[in-house]
Amino acid sequence: MDGLTREHFSTQDTVCRLGDPGDCAYVIEEGCVEVLRGEGTDQRLVAVLSEGAMFGEVALLDHQPRTATVRALVPTRLVRIERDHVEQLLIRADPVIQHLLRLLLSRFRHSFGLNPGSYPQAAPLGDAMYALAQDRDLQAAAVRTLSLARDLSHALEADQLELYYQPLVAFGDGALTGFEALLRWHHPKLGLISPMEFIPLAEKTGLIHRTGLWVIERALLDWLDLRTLWPDGESGQISINLSAPELSGENIVETIQNSLQRHGIPPRELRVELTETIVIRSLDVVSGTLARLRQEGIGIALDDFGTGYAGLDYLRALPFSCIKVDKTFVQQLQTSERSFHIVRSALELARELGMSTVAEGIEEQAVADQLLAMGCTYAQGYLYGRPMPKAMVPAWLAGHRARFTPLS
Ligand code: C2E
Ligand code: CA
Ligand code: CA
């Protein structure tokens, strides 16, 4: 594995010295070492470490010199973990984790009287790790994430969440066919916060379960009003987004069933949207739940199609009723040959499997015309309507009817 090498030491060999730059950590694979603090006559034994133990990780992570001298007590084999390797892992880690790690390290050093300034040979500045530690943007991002995570836990009780509704229309005559419920957070100090920012946070903190329940309940409650926009005998569909932790929740199917029954809403009027990445990553968990939802008559849309590089086999195997082509491909339809091919094959495949198709993110008439010619079923995008509070839907619909053939 890159960044991991082995080193051999004979009895009494020095592995590292107090004050050396800490550019790697070690795991003892065989043998044992002694750890000594202080220098000269002050030197004292603080630990003897044997197989499986790790040392040198603090200096490695916070870029400070070694705080102890380590010597082999018997012939010893060590696995060396390079800083580059750890840096690469850290750079990919969440900013909160990066920030917390640095805070913990500085507290650790402080409480042991190991302040960086106490060593003359400070580690060379300027490489990626040190730059990261100093990076104000990163720190600001971490602080924002931490305080958002804290505030999010009150957002539900404080009535700060709201569902916006974005219309879906039929290609061709523009008839309204349904709405997608999209979550918004009205933060008292920071204003409107995008779900792209707080949904991942809710997933990490476990708040997604309560949030998800709230979304299901509110969307169906709002649907009781919105469904009256269709004349008797016709019906539209309300779509909600579910993320992986929600979908793997124990009683998700029962929760949805109960909510539908309580509000007297036919299951066919609900559609659940799952992203392609969720489906691929948690196929085992998801497939049983999807089958049960489908049996109930609830629609299932594969969201963001094209972004997860899904194999076609599982598309055939799972009970999707609809494919939503991701907006990046829709928006590049006329400029990227690759996007054009992805959209065309998605539409062909859906037709072959008897699924409907939604193109999302349509902003231009020319793109809509081309998608209609390519056989796409439904359209969603700013060209037709932005996500809006429920109260604004009737005014939007009046304007929409004036632009497109009215609902009969
Ligand atoms: P999504 O499910 O792919 O939703 C479509 C996103 O595209 C929405 O962003 C919508 O506002 C945006 N959009 C629609 N038409 C256009 C267009 O013409 N141009 C452009 N540039 N954008 C358009 P939004 O509302 O910010 O939501 C972002 C994502 O957050 C959603 O992506 C979904 O994955 C997630 N999300 C939203 N609400 C919920 C929720 O209640 N639960 C869960 N689990 N996730 C949610
Ligand atoms: Ca969606
Ligand atoms: Ca999408």
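Which elements do the buried residues of helix 9 pack against? They pack against helix 7 (208-226), helix 8, strand 13 and helix 11. Here a residue is buried if 20 or more other C-beta atoms lie within 10 Å of its own, exposed if 12 or fewer, and partly exposed in between, with C-beta atoms placed from the backbone. Contact is scored when the C-beta atoms of two residues, placed from the backbone, lie within 7 Å. Helices (H or I, at least four residues) and strands (E, at least two) are DSSP runs, numbered from the N terminus.

The model is predicted: local features need pLDDT of at least 70, side-chain atom pairs count only at pLDDT 80 or more, and totals for chains, interfaces and linings use all residues. Residues are numbered from 1 along each chain as its sequence is written, while chains are lettered from A and ligands numbered from 1 in the order in which they are written.

The protein chain holds 16 helices and 18 strands. Of its 408 residues, 32% are buried. Among contacts with a separation of 6 or more, 71% link residues 24 or more positions apart.

The expected span is 1.5 Å times one less than the number of residues. I252, I256 and L260 are the buried residues of helix 9. Seen down the helix axis, they fall within an arc of 70 degrees, so they line one face of helix 9. The arc is that of the directions from the helix axis to the C-beta atoms. The face turned away from this buried side carries exposed E254, Q261 and R262. G264 follows helix 9, and its phi is positive, near 65 degrees.

Helix 11 (residues 283-295) can be described in the same terms. It has 13 residues and reaches 18 Å from its first C-alpha to its last, close to the 18 Å expected at 1.5 Å a residue. T289, L290 and L293 are buried in helix 11. The buried residues fall within an arc of 105 degrees down the axis, so they line one face of helix 11. On the other side, D284, G288 and Q295 are exposed. Just after helix 11, G297 takes a positive phi of about 95 degrees.

Strand pairing comes next. Strands of a sheet pair through backbone hydrogen bonds, either parallel or antiparallel. Two strands count as paired if DSSP finds at least two bridges between them. Strand 9 (residues 161-170) and strand 10 run antiparallel, joined by 9 bridges. L161 has W185 of strand 10 as its bridge partner. These two strands form a hairpin with 5 residues between them, and G172 in the turn has a positive phi of about 95 degrees. Strand 10 also meets strand 11 (residues 191-193) in the antiparallel sense, over 3 bridges. W185 stands opposite I193 in strand 11. A hairpin of 3 residues joins strand 10 to strand 11. With strand 12 (residues 237-241), strand 10 runs parallel, again through 3 bridges. There F179 is the bridge partner of I238 in strand 12.

Strand 3 (residues 24-30) pairs with strand 6 over 2 bridges in the antiparallel sense. V27 has M54 of strand 6 as its bridge partner.

Strand 10 also takes part around ligand 1. Strand 10 (176-187), helix 6 (195-205) and strand 14 (299-305) each supply at least two residues of the shell. Helix 6 gives the most, with 3 residues. The shell has 23 residues, of which L182, L183, P195, G381 and Y382 come nearest. A residue is near a molecule if its C-beta atom, placed from the backbone, lies within 6 Å of it. The shell divides into 10 nonpolar, 7 polar and 6 charged residues. Ala, Val, Leu, Ile, Met, Phe, Trp, Tyr, Cys and Pro count as nonpolar, Asp, Glu, Lys and Arg as charged, and the others, Gly among them, as polar.
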